[in-house]
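Have the structure open while you read.

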Amino acid sequence: MIRIVRGRVTEVKAEALLREARPDGGPLTPSGRIFFEALGPEGAHLLQLHDAPPGSAWITPAGSLSASFLIHLVVQSGDEPVTVESVRRALTNGLRRAAAFGIESVALTPLGIGAGNLDAETSAEVMVTVLVAHLEHDAAPRVFELVVGTEYEEDIFRRAAERHASPNRPS
């Protein structure tokens, strides 16, 4: 099930939160710092052990956040911009990590959007396509809370989810 909700991803109840990360695990955006800070010094140290290429994903404890896990998705590097393919690979790999841990519910925000990156429509199309393909394989996770910040993003992601909805499965 894919639910589009407006709010803050840190306020959604889910077993895991997916976040965009730099190759070294650091935050990509000012709003992404909330995840980094929630990890505390021990969790931040775990992130610094990585030098991951775009498309990579790894899992850590979620620190003081309400979720149990954070799944870190690398969608760009210092010399590689965000692309449709890096978002697709990172999200797919993040879902594989969640499945390996038996995680049933995941909350995530639009990936790869912002100045100089993908537009909301492209991000929505890529993300919803990946999520729907994952759901068709009947693997965990089965519940996705796609958390958007604006009415515009809510409309874009809701329309993408409706376009890809199967008549046999709620979106």
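Arg6 comes out as partly exposed, because its relative accessibility is 47%, which is between the 20% and 50% cut-offs. Keep in mind that this is a predicted model.

**The salt bridges**

Start with Arg6, whose side chain meets that of Glu154 in a salt bridge, with 2.9 Å from N to O. This pair ties together distant parts of the chain: Arg6 sits in strand 1 (residues 2-6), while Glu154 belongs to helix 4 (residues 151-164), and 148 residues separate the two. Is Glu154 buried or exposed? Glu154 is buried, because its relative accessible area is 17% and the cut-off for buried is under 20%.

Glu154 has another partner as well: the side chains of Arg158 and Glu154 also form a salt bridge, again 2.9 Å from N to O. Here both residues are in helix 4, 4 residues apart, or about one turn of the helix. Shared partners in these salt bridges join Arg6, Glu154 and Arg158 into one network. As for Arg158, its relative accessibility is 32%, so it counts as partly exposed.

Now for Glu125 and Arg163, whose side chains meet in a salt bridge of 2.8 Å, N to O. This one also links distant parts of the chain, with Glu125 in helix 3 (residues 120-136) and Arg163 in helix 4, 38 residues apart. Glu125 is partly exposed at a relative accessible area of 30%, whereas Arg163 is exposed at 54%.

| Arg6 and Glu154 | 2.9 Å | 148 residues |

**A serine in helix 3**

Let's move on to Ser123, which is found in helix 3. Why is Ser123 called buried? Its relative accessible area is 0%, and buried means under 20%, so Ser123 qualifies.

Which residues does Ser123 touch, leaving aside those up to four places away in sequence? The answer is Pro110, Leu111, Ile113, Leu118 and Phe157.

Technical notes:
Residues are numbered from 1 along each chain as its sequence is written. This is a predicted model: local features need pLDDT of at least 70, side-chain atom pairs count only at pLDDT 80 or more; totals for chains, interfaces and linings use all residues. Side-chain values use heavy atoms; hydrogens and water are left out. A salt bridge is a side-chain nitrogen of Lys or Arg within 4 Å of a carboxyl oxygen of Asp or Glu. Buried means under 20% relative accessible area, exposed over 50%, partly exposed in between (1.4 Å probe, protein chains only). Contact means heavy atoms within 4.5 Å.
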